[in-house]
Amino acid sequence: MAGPLATYVTAFCDGVEAELTALSGKEHRNDCVIEADSIVSAVLASDGRFAASELDAWLDDIGPALDPPVFISTQQLRESDLFQGKELWISRP
């Protein structure tokens, strides 16, 4: 079941992939998912707090799209280092 980020993540990946494919002639879906993850993870990590709803949204809409997919509980995600240092990603150009 798609979560609250699904529409935005799909639109981002579809749009960026279309542009990259037009330029290179190759598929770039995995690259686009990684970029979407970087953006979402940085925003989630920016305040240093992780609400259950934020983690659930990541698990619903980013985790399954990654290669390999991430299928863990909200608590396991909170205890992992998957978001460590991600806030720095949006602090520089």
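I looked up the contacts of Trp58 (contact means heavy atoms within 4.5 Å). Leaving out residues up to four places away in sequence, Trp58 touches Leu5, Asp37, Val40, Ser41, Leu44, Gly63, Pro64, Leu66, Val70, Leu77, Leu82 and Phe83. Trp58 lies in helix H3. I noted that Trp58 is buried, with a relative accessible area of 2%. Buried means under 20% relative accessible area, exposed over 50%, partly exposed in between (1.4 Å probe, protein chains only). Trp58 and Leu82 are 24 residues apart along the chain, and their C-alpha atoms are separated by 11 Å.

I noted the basis too: this is a predicted model, where local features need pLDDT of at least 70, side-chain atom pairs count only at pLDDT 80 or more, and totals for chains, interfaces and linings use all residues. Residues are numbered from 1 along each chain as its sequence is written, and side-chain values use heavy atoms, with hydrogens and water left out.

Next I checked H1. Helices are DSSP runs (H or I, at least four residues), numbered from the N terminus. H1 covers residues 6–24. Which residues of H1 are buried? They are Ala6, Val9, Cys13 and Glu17. These sit on the same side of H1, because they cover an arc of only 65° around the axis (taken from the directions from the helix axis to the C-beta atoms). They pack against helix H2 (29–45) and helix H3 (52–61). The face turned away from the buried side carries exposed residues, among them Thr7, Tyr8 and Leu23. Just after H1, Gly25 takes a positive phi of about 80°.

Last, I looked at Ile39. Ile39 is found in helix H2. Ile39 is partly exposed, with a relative accessible area of 32%.

Notes
Helix = DSSP H or I, 4+ residues; strand = E, 2+ residues; numbered from the N terminus. Expected span 1.5 Å × (residues − 1).
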